[in-house]
Amino acid sequence: MKLQRKNRVRALAVGALAVSGALALTACGSDDTSGGGGAGAAKTSNIKCEGKGKLLASGSSAQKNAMDVWVQAYSGACKDTEINYQPTGSGAGVTTFLQGQTAFAGSDSPLKPDEVTKSKQVCKGGQAIDLPMVGGPVAVGYNVPGVDNLVLDAPTLSKIFNSEIKKWNDPAIKKLNPSAKLPDLKIQPFHRSDDSGTTDNFTKYLKAAGGWKHEPAKKWEGEGGQAASGSAGVSSQVKQTSGAISYFELSYATAGKIPTAKLDTGAKAPVDATVDNASKAISEATQVGKGNDLALKLNYNTKAEGAYPITLVTNEIACDKGNKPETLAATKSFLTYISSKDGQSALKELGYAPLPTEIADKVRKTVATLS
């Protein structure tokens, strides 16, 4: 039974890699309440079903693999609610929410002040707030024949993604990998074509630790390279392109069996992209949101032992007050579930970092006050 469950989780993750674009998961197709497609820890026994009808949401593709499991588990328990989450990217998700088209949005970057101001038109009597929900490492995946143990650092990555380092046997890469057999092969850097919170977090790391020449943003500003849509798109390109390198959530690397680089952060040893190492970095985050806004600020230049610096936290964006009456109950019910111990316990198996306990407690208390 355990093997069957693991196989089903793996199938889910591989499917997430292969399929890009919108994916609607509904309650009508499953009677399985055992834990969201076999994610053994995704228990549903404590789900309190409230509200009926269709719940539309969109945004971060970074959390897609987690959202797939959550939606299937929730829909299996709550037959009267259909949840449709579209992994359109953080920028598109926030835009759609601010247009009043969705009940909530997923974003890998906290709301900007102008977005909060604009949200007051949609959140009658209130405003949009950030609810941290999914944490995890942004892996640097690569496809270099004969190299399965690669070390990179922020300055080198900055030059690679700005087309200043063009060959895999460049002296800067050789210095970090003295025993590796680096080929005389062209580097093929891939970046996101859509406005992406993953891009925002990745470039914040490059800026903080690597001297990135551009301002961090959801929109890619680097020079050269090739583009693909969503985390599924860039990871697929790395998988099939010799010499490729890109950035995407660890779950996509795991699903595609894509090797990931260790990062030289200045700590005693290079750091792997793992859930536990991302958790060490997230534990250094500070809350910068005011009131019910729980937005976090990450330390991208951490040198703590074993702390992986390229991490992100995906926020669910919702109104603190003024949520649509027809979707409020279901929104609170679903967000309560995914921030619960049952919902969070499913994440580590999928390559994500569960929220630290004190943050998860704050999220649940805040969700309960949504109106």
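**A first walk through the chain**

Tutor: Just after helix α5, Ser 163 takes a positive phi of about 60 degrees. Keep in mind that this is a predicted model.

Student: OK, and α5 itself, which residues does it cover?

Tutor: Helix α5 is made of residues 154-161.

Student: How many of the residues of α5 are buried?

Tutor: Six of the eight residues in α5 are buried, so the helix is mostly covered. The buried ones are Ala 154, Thr 156, Leu 157, Ser 158, Ile 160 and Phe 161.

Student: What does α5 meet in α7?

Tutor: From α5, the residues in contact are Ala 154, Pro 155, Leu 157, Ser 158 and Phe 161. Across from them, α7 brings in Phe 202, Tyr 205, Leu 206, Ala 209 and Gly 210. By class, that contact has eight nonpolar residues, two polar ones and no charged ones.

Student: How do the axes of α5 and α7 cross?

Tutor: Their axes come within 8 Å and cross at roughly 125 degrees, with α7 spanning residues 197-210. The two helices are therefore oblique to each other. The crossing of α5 past α7 is left-handed.

Student: Why quote both an angle and a distance?

Tutor: Two packed helices are described by the angle between their axes together with the distance between those axes.

Student: Then give me both for α2 and α11.

Tutor: The axes of α2, residues 64-77, and α11, residues 325-338, come within 11 Å and cross at roughly 120 degrees. That makes α2 oblique to α11. In this case the crossing is right-handed.

Student: Which residues are in contact there?

Tutor: On the α2 side they are Met 67, Trp 70, Val 71, Ala 73 and Tyr 74. On the α11 side they are Ala 330, Ser 333, Phe 334, Tyr 337 and Ile 338. Sorted by class, the contact of α2 with α11 has nine nonpolar residues, one polar residue and no charged residues.

Student: Changing topic. Where is Thr 311?

Tutor: Thr 311 belongs to strand β13, which runs over residues 311-319.

Student: Is Thr 311 buried or exposed?

Tutor: Thr 311 has a relative accessible area of 1%, so it is buried. The cut-off for buried is under 20%.

Student: What does Thr 311 touch?

Tutor: Leaving out residues up to four places away in sequence, Thr 311 touches Gly 136, Pro 137, Val 138, Asn 201, Ala 278, Ala 281, Ile 282, Leu 298 and Tyr 300.

Student: And Gly 91, where is that found?

Tutor: Gly 91 is in helix α3, residues 90-98. Gly 91 counts as buried because its relative accessibility is 11%.

Student: What does Gly 91 touch?

Tutor: With residues up to four places away in sequence set aside, Gly 91 touches Asp 195 and Lys 218. Ala 105 lies 14 residues from Gly 91 along the chain, and their C-alpha atoms are separated by 9.6 Å.

Student: Now the whole chain. How many helices and strands?

Tutor: The chain has 13 helices and 13 strands. Of its 371 residues, 56% count as buried.

Student: What about the accessible surface?

Tutor: The accessible surface comes to about 15,200 Å², and 50% of it belongs to carbon and sulfur atoms.

Notes: Residues numbered from 1 in each chain as written. Predicted model: local features only at pLDDT ≥ 70, side-chain atom pairs only at ≥ 80, totals over all residues. Heavy atoms only, no water. Helix = DSSP H or I, 4+ residues; strand = E, 2+ residues; numbered from the N terminus. Buried < 20%, exposed > 50% of the residue type's maximum accessible area, 1.4 Å probe, protein only. Areas by Shrake-Rupley, 256 points an atom, 1.4 Å probe, with all protein chains shown as cover. Axes fitted to C-alpha atoms, helices over the stretch in contact; angles between N-to-C directions. Parallel < 35°, antiparallel > 145°, perpendicular 65-115°, else oblique. Left-handed = near helix turned anticlockwise from the far one by under 90°. Contact = heavy atoms within 4.5 Å. Nonpolar A, V, L, I, M, F, W, Y, C, P; charged D, E, K, R; others polar.
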